[in-house]
Amino acid sequence: MIQSMTGFASAKGQMGAYGWNWELRSVNAKGLDLRLRVPDWIGGLEAALRTRLGAALSRGSVTLSLRVQREDDAGTLAVNQAQLDAVLTALAQVEERAHEKGVSLGPTRASDILGQRGVLEQVSAEDDTAPLRDALLKAFEPLLAEFLDMRAAEGRALNDVLNTQIAQIEALTASAAAAAVDRRADMAEALRHALARVLDNAAGADEDRVAQELALIAVKADITEELDRLTAHVGAARDLLAADGPVGRKLDFLTQEFNREANTLCSKSQSKALTAIGLELKAVIDQLREQVQNVE
């Protein structure tokens, strides 16, 4: 089953003090264009995500956004041991001097010491981001699965549309073949008039040249090859839709071949009915090509 290049998925998660938000989306593109917006302070994360996306996708303009927030950004409290020692030394000196002077001091509380400047301070230690990276990569798997499921669902809907359009091309090709049969009498009469004109002006002309001109008139009116190629292209398109793996580029090329045959058919039609069928054929092929642009 074909895959669409259109997809979207989002998710939230948390590990300890860290919370995150994912958003993964894609639209059609000629190749695979990965655009990642992830925190650069999480070592190895972007490279791992690129590898995973590159293995899962073949085409599409893909944007992955990740926002990571830490709840305790204010940091943690810690005792500065050197400053504490300095405060305690100074306090001991004050108490000793007060005793010498006969001054009575009240008991010192721990909160008084911690309140001294520099004793208790906020710190923000450098974290090892490996556990966070591993948690994010694990959380990415269900996000990617949801994203691929949406592309698959879009692909199933797209497959139905393409099969309908291919069936229309097949039906119009059959109608063109029938119209070509119906115009045989008119074409035979036109060829007789053409032959008469050639023969009337053939006095002294090269016989080989006259034969070539007659053959050219017949070829210009014959659409058998165009009908045969259109029929073959219909079969090739159905085979591609049933194939595994990315087929978007091949389908795009095939629609160009469809269009080339339809153009030639119109130029050779020489009948209103066949021209009308050819124009309708071109319209359906154009619709097919638009839809094929979304196939991976």
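Reader: How many residues apart in helix α7 are Glu-225 and Arg-229?
Author: Happy to start there, with a word on the model. The model is predicted, so local features need pLDDT of at least 70 and side-chain atom pairs count only at pLDDT 80 or more, while totals for chains, interfaces and linings use all residues. Residues are numbered from 1 along each chain as its sequence is written, and side-chain values use heavy atoms, leaving out hydrogens and water. In helix α7 (residues 224-242), about one helical turn separates Glu-225 from Arg-229, a spacing of 4 residues.

Reader: How far apart are the closest N and O atoms of Glu-225 and Arg-229?
Author: A salt bridge is a side-chain nitrogen of Lys or Arg within 4 Å of a carboxyl oxygen of Asp or Glu. Glu-225 and Arg-229 form one, and their closest N and O atoms are separated by 3.6 Å.

Reader: Which residues join Glu-225 and Arg-229 in one salt-bridge network?
Author: The network is built from salt bridges that share partners. Besides Glu-225 and Arg-229, the residues joined in it are Glu-226, Glu-261 and Lys-268.

Reader: Which helix holds both Glu-46 and Arg-50?
Author: The side chains of Glu-46 and Arg-50 meet in a salt bridge at 3.2 Å, N to O. Glu-46 is partly exposed at 33% relative accessibility, and Arg-50 is partly exposed at 33%. They sit 4 residues apart, about one turn, in helix α1 (residues 45-56).

Reader: What is the N to O distance between Asp-33 and Arg-35?
Author: Asp-33 is partly exposed, at 29% relative accessible area, and Arg-35 is partly exposed too, at 48%. Their side chains meet in a salt bridge, with an N to O distance of 3.0 Å.

Reader: How many salt bridges does the structure hold?
Author: The bridges discussed above, including Asp-33 with Arg-35, belong to the total. That total for the structure is 15.

Reader: Is the ring pair of Tyr-18 and Trp-41 stacked, edge-to-face or tilted?
Author: Rings of Phe, Tyr and Trp (its six-membered ring) pair if their centres lie within 6.5 Å; planes under 30 degrees apart are stacked, over 60 edge-to-face, and the rest tilted. The structure holds 2 aromatic pairs. For Tyr-18 and Trp-41 the centres are 6.1 Å apart and the planes are at 35 degrees, so the pair is tilted.

Reader: How many residues apart in sequence are the parts tied together by Tyr-18 and Trp-41?
Author: Tyr-18 lies in strand β2 (residues 18-27), and Trp-41 in the loop between β3 (32-37) and α1. Tyr-18 is buried at 12%, whereas Trp-41 is partly exposed at 42%. The separation of the parts in sequence is 23 residues.

Reader: And what is the angle between the ring planes of Trp-22 and Phe-140?
Author: Trp-22 lies in strand β2 and Phe-140 in helix α4 (residues 130-182), so this pair ties together parts 118 residues apart in sequence. Trp-22 is buried at 4%, and Phe-140 is buried at 1%. The ring centres are 5.4 Å apart and the pair is tilted, with an angle of 45 degrees.

Note on methods:
Buried means under 20% relative accessible area, exposed over 50%, partly exposed in between (1.4 Å probe, protein chains only). Helices (H or I, at least four residues) and strands (E, at least two) are DSSP runs, numbered from the N terminus.
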